[in-house]
Amino acid sequence: KTIPSIDFVLNETSYTRLCSTKKILTVNGLFPGPALHVRKGDRLIVNVQNQGNYNVTLHWHGVKQPRNPWSDGPEYVTQCPIKAGANFSYELIFSTEEGTLWWHAHSDWSRATVHGPIIIYPKVGTNYPFPKPHAEFPIVLASWFKGDVMEIIQTALANGGEPNISDAFTINGQPGDLYNCSKPGTFRIMFDFGKTYLLRIINSIMNEEMFFMVADHNLTVVGMDGAYLKPIKTDYIMITPGQTMDVLITANQSLSHYYMAARAYAGVVYDNTTTTAIVEYNGNYTSPLTPVFPNLPNYTDINAVTNFTRRLRALASTQHPVDVPKVVDIRLVITLSVNTLPCANNSCDGPNGSRLAASMNNISFVDPKVDILQAYYKQIRGIYQTNFPSVPPYVFNFTADDVPDNVLTPKRGTKVRVLKYNSSVEIVFQGTNVLNGAENHPIHQHGYSFYVVGFGFGNFDNETDPAGFNLVDPPEMNTVGVPTNGWAAIRFKADNPGVWFMHCHLDRHMSWGMDTVLIVKNGTTRLTSMRRAPSHLNPC
Ligand code: C2O
Ligand code: CU
């Protein structure tokens with residue numbers, strides 16, 4: 001039977017925010033972009049026409065795309081860019097995901113404006129594992145820059161310094177009441193007293209983790225990253241770039257209006273402004289002039305991050321079982337560092353004239369000239385090397401302050417890790433503090449979701465920490481926030497053959513090289529092997 005298809009036309013469209021007008025790259029003229037609505041197990045073809053000015057690719061974040069890396073999208077990893085004026089068709093294959101995911105551009109910084117929700121309903125005849133909400137609202141958090149985002153990252157990479165910080169955060173495209181010239185457009189939703197609503201929250205922000213709250217209302221988190229959770233009742237959530245959370249909210253407060261608001265948890269570079277939207281009850285009443293404002297955690301409140309994150313548990317029900325590997329075949333330890341590279345005449349904008357970089361196991365990823373998938377498939381030599389290290393090159397106190405940068409000057413390279421089909425993999429991500437730059441790094445794995453079996457602070461201890469792993473109901477995610485000055489451990493079964501990008505979802509770290517690629521080899525049968533290449537591949 002034929003697979004349904006839709007058109008995504010990329011073009012530059014004028015938008016006015018913060019008192020100034022500029023052209024931004026959009027899909028079908030929309031910011032945020034259009035939502036895809038599917039059911040678990042569906043397929044969908046998205047025909048992309050690039051009528052913009054830049055190279056672009058699209059990625060379907062959290063959609064596992066079984067055996068189909070051809071449609072995954074990261075530029076120079078699974079495809080060459082779709083050049084201005086060119087087309088490309090993606091075939092999306094939904095398998096086990098259910099809940100909320102999202103799509104976004106995956107070349108340079110175009111994802112700042114090119115992104116939208118993916119809503120995956122249960123199969124016909126099955127239901128949510130919670131009472132059906134009265135209505136649903138996607139809540140897309142994003143960053144707004146007054147400048148041109150492609151210029152911002154290209155300038156930063158050319159000069160070696162920090163890219164500009166965003167000028168606002170937005171909720172569904174709107175900065176909200178607290179920013180200049182933004183009040184009339186503030187996003188609002190209407191509540192009927194007594195009803196329960198589902199918020200599908202997506203963190204599409206470029207460089208910051210976010211706290212999110214609705215004043216005076218409890219939130220019940222029931223899912224994240226396209227998988228269900230045991231319900232968590234909380235007054236705030238913390239969500240990293242890349243993550244999605246499904247949150248129930250019941251309209252049980254007095255008839256009035258309330259702010260929903262989001263602001264950053266501190267990174268090294270941060271925008272500490274607050275974006276707002278308004279929740280308003282239907283009815284006849286006189287409300288205070290200003291909506292009630294929520295008491296968001298402070299932007300440095302690491303305890304608020306931990307207290308929320310450690311409550312995340314998989315639903316682990318009969319219908320939604322957990323399948324975490326109990327025994328591990330392959331163990332990797334991957335350090336995450338922001339560091340520096342030397343710069344000719346010390347003339348760059350990084351510390352002491354250096355160039356800012358980022359790395360995994362001290363390898364700063366370099367985009368190849370031809371995408372890795374094509375090179376792997378056609379056995380083109382010299383595009384990438386298969387010696388990404390399985391342990392860090394130096395062992396010391398990674399989270400101490402002032403780890404000398406000279407022992408940790410990264411090597412540049414396009415190094416990947418090859419995994420046998422169906423091996424059980426454990427990866428421990430170890431945060432470091434090389435430039436006094438400890439941060440929460442949201443690490444995203446393409447082609448998979450994984451179980452987060454543990455996290456902690458300081459250096460991961462191979463002798464004692466594994467004893468505390470949760471192998472019963474670990475949360476399933478595609479993006480894990482590796483704690484500031486700490487570590488996180490994930491497990492998954494490498495049962496999706498292909499070429500899969502893994503990277504920090506803070507875009508400046510991704511651009512600086514905190515990336516690698518896992519190549520999962522084919523199994524022995526056709527159904528355990530990658531699909532054949534589609535007939536049309538874009539040239540590099
Ligand atoms: Cu949300 Cu590599 O992507
Ligand atoms: Cu990072």
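Predicted model: local features only at pLDDT ≥ 70, side-chain atom pairs only at ≥ 80, totals over all residues.
**Exercise 1.** Work out where D192 is placed among the strands, and decide whether D192 counts as buried or exposed.

*Solution.* Begin with the chain around the residue: D192 sits in the loop between strand 11 (188-191) and strand 12 (196-203). Next, take the neighbour count, which for D192 is 12 C-beta neighbours inside 10 Å. The cut-off for an exposed residue is 12 or fewer, and therefore D192 counts as exposed.

**Exercise 2.** State how far apart D192 and N352 are, in sequence and in space.

*Solution.* Along the sequence, D192 and N352 are separated by 160 residues. In space, going from C-alpha to C-alpha, the separation of D192 and N352 is 58 Å.

**Exercise 3.** Describe how the protein chain is divided into domains, and then examine the side of domain 1 that touches domain 2.

*Solution.* First, list the parts of the protein chain, which are domain 1 (1-126), domain 2 (129-315) and domain 3 (330-528). The C-alpha centres of domain 1 and domain 2 lie 22 Å apart, and the contact takes 26 residues from domain 1 and 32 residues from domain 2. On the side of domain 1 that touches domain 2, strand 7 (99-105) and strand 8 (115-121) each supply at least two residues, and strand 7 gives the most, with five residues. Finally, sorted by class, that side of domain 1 has 13 nonpolar, nine polar and four charged residues.

Note on methods
Residues numbered from 1 in each chain as written. Chains lettered and ligands numbered in written order. Helix = DSSP H or I, 4+ residues; strand = E, 2+ residues; numbered from the N terminus. Buried ≥ 20, exposed ≤ 12 C-beta atoms within 10 Å, placed from the backbone. Domains from an automatic or database assignment. Contact = placed C-beta atoms within 7 Å. Nonpolar A, V, L, I, M, F, W, Y, C, P; charged D, E, K, R; others polar.
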